[in-house]
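Hi,

Here is the structure I promised to pass on. Have a look at it first, and my notes follow below.

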Amino acid sequence: MEKTSKAPFYITTPIYYVNDVPHIGHAYTTIIADTLARFMKMNGREVFFLTGTDEHGQKVEKAAAEHGLDPRAWADRVVVRFYDLWKALNCEPDFFIRTTMEFHEKGVQKLFQKLLDQGDIYKGEYKGWYCVPDENFLTDDIPQEKDGTKICPDCGRKAASVSEETYFFRLSAYQQKLLDHYAACPRFVRPAGRMNEVTSFVRGGLKDLSITRTTVKWGVPVPGDPAHTIYVWFDALHNYLTGIGYDWDPVRFGKFWPPSVHLIGKDILRFHAVFWPAFLLASGLPLPDCVFGHGWWLKDEAKISKSMGNVLDPYILIQTLGPDPLRYFLLREVPIGLDGNFSHEGFIHRVNSDLANDLGNLVSRTLTMVGNYFQGTIDPPSPEETQDIQIQESFMAMKKNALAHYNSYALSKALEEIWAFITIVNKYLADNAPWKLAKAPGLRPRLARVLYQAAAGIRGVTALLAPIMPGSAQKIWEFLGESGMIQDLRFDDLAFDDLRLGQTMKEPTPLFPRVDLKAFLAEGAKSKEEKIMDETKNEHTIEPAATPVTPAAISSDPPAPKKNLITYDEFAKLELRVAHVLEAVKVEGAKKLLKLKINLGTEQRQIVAGVAETYAPEQLVGKKFIVIANLQPAVIRGVESQGMLLAAVAGDKSAIPFFESDVPAGTKVK
Ligand SMILES: [Zn+2]
């Protein structure tokens, strides 16, 4: 069922296998999700964007053993690759879930138990193909050889046919219910072609699904039968529930469930469009609105993957250009349902032609003329003439179409619309030749009109590009003399003539320098060698991306201009509230950190605080202090922190200012 246009929007990526080295495929999915999340926010919806990592299974256990670490410590080390990449690509998930988080494991066990109690899970015998040296069951989709055996895809050796005790999910009982759902919601799977694939697979008959293993130790134990661990799909898919607060944050869960879209690669369609809705039907939970299977990026017509040896390192593509050209290219080049072939030539061509020429030049010459002819502040313009009104009308038509495309996830079409309008503005400037008008003193009001129209066009384009190129859009926004964050703008309010007269524009700095293909490829190859050396040294930082939350962390931020003063508006953005501590426990393996459950009046939250060297957990229970309530959630040592408490910090010691008087939890501090 489609939700109303302003309903909360919940978008997910698959959780990535933590052992993988992130490549362009991971980046693509996450960039699409980040773009849609940013778009929906600017379109006036409350948004939750979830990504994360799948951290259980034999491969993690094995890699950890090879490095002399326990699996959790290994995961802590390698998960940083994903944190770092999302930061580098300007992707800002609302939460990063790791399947080793305690609330996830508890949630999975609870759902398992429920289905077991109601008979949707039962114990039986699993017959499958097992690779003895790799200690690994082959997945069911691996085809049989001519002699009836199966070959292990990891090592190429013959697998053995074995059987073991396992728990099954009664998938066969949900065949008709799934078909009924597909018929009632034909947009449950998108693009439409993928719906047909799924329907015919289910019509072909569903077998019950083995969902536990006794051979895999590193996993969520089956409740009451710990010789079994819960197998990957039943564990991993439930992140979409636990990550939004299932069984631990009823307010958030109630607001955002069910998901608006699960964004996935088409190779995991069956798991998301068949198994997952069957699990949810069994649990009695509403189904997601949509499972969207995007295409793959191919290199030389082959799927990009570790086993193909053609992995593209996103860092090479962003190290000199920043994240926006890559974000633009991936979303512009191919409609998201189809496969695309990646070539460096194609990438550089788009950067030079679309970004440097069309958009970059438009911004730079318009604002340079505003600077040269009007010292940055355009004079009162002449009344509009027909061609000036036309550009305004083109903008409003383009906005309507671009928003419709964004809303249906047709991001390449949205960009086509926006670029067609950029061409119109460029032509308008060429036709009206402001550099000629500038030479005739009597035509100053006309000159002002032409530059105003061009700048207003740039302003509109910038807003519509902000979800795709957030960094560059913010830069242009500031060139235009706008204040605040462009992402705070709402598309409902976006009109062509919102550009205020009298606004002072700035001298632009280059946005998208032209790139020389040969030099770019040479540079890329060099850095790749350096990176490979880094891999062998294994110099991944062990500390998760978020820094411990203490006031000291604030002061280490770059100072605000003008002697470190902040404006009143900047201060007013901080939401400071009185928190009442309900529970406090130590964070395992981190001697400085406490995990606190706090009451904020209207809701309960969990925060992590670096005060354990001064305060024992029991000293804090019942206490009241100030927290920053609107800080972006962060994951610290694998624990989510939804806010930050204020404390004085000197060396290892900290002192929390407590409230002596009886203020209610949630009271605002100003
Ligand atoms: Zn093998």
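Before the rest, a word on the source. This is a predicted model, in which local features need pLDDT of at least 70 and side-chain atom pairs count only at pLDDT 80 or more, while totals for chains, interfaces and linings use all residues. Residues are numbered from 1 along each chain as its sequence is written, and side-chain values use heavy atoms, with hydrogens and water left out.

Salt bridges

The whole structure has 29 salt bridges. In one of them, arginine 38 meets glutamate 92 at 3.5 Å, N to O. This pair joins distant parts of the chain, 54 residues apart: arginine 38 is in helix H1, and glutamate 92 is in the loop between helix H4 and strand S4. (Helices are DSSP runs of H or I with at least four residues, strands are runs of E with at least two, and both are numbered from the N terminus.) Arginine 38 is buried at 11% relative accessible area, whereas glutamate 92 is partly exposed at 34%. Buried means under 20%, exposed over 50%, and partly exposed in between, with a 1.4 Å probe and protein chains only.

Glutamate 55 and arginine 98 form another salt bridge, at 2.7 Å, N to O. Their places are the loop between strand S3 and helix H2 for glutamate 55 and strand S4 for arginine 98, 43 residues apart. Glutamate 55 is buried, with a relative accessible area of 0%, and arginine 98 is buried with 0% as well.

Helix H7

Helix H7 covers residues 192-203. Its buried residues are Arg194, Met195, Val198, Thr199 and Val202. They line one face of the helix, because they fall within an arc of 140 degrees seen down the axis of H7; the arc is that of the directions from the helix axis to the C-beta atoms. The face turned away from that buried side carries the exposed residues Asn196 and Arg203.

Serine 641

Serine 641 sits in strand S23 and is buried at 2% relative accessibility. A polar atom of the serine 641 side chain lies 2.9 Å from the backbone nitrogen of valine 608. The backbone oxygen of glycine 643 lies 3.0 Å from a polar atom of that side chain.

Best wishes

Note on methods: Polar contact = N/O pair within 3.5 Å; in protein donor to acceptor, adjacent residues only side chain to side chain. Expected span 1.5 Å × (residues − 1). Salt bridge = Lys/Arg side-chain N within 4 Å of Asp/Glu carboxyl O.
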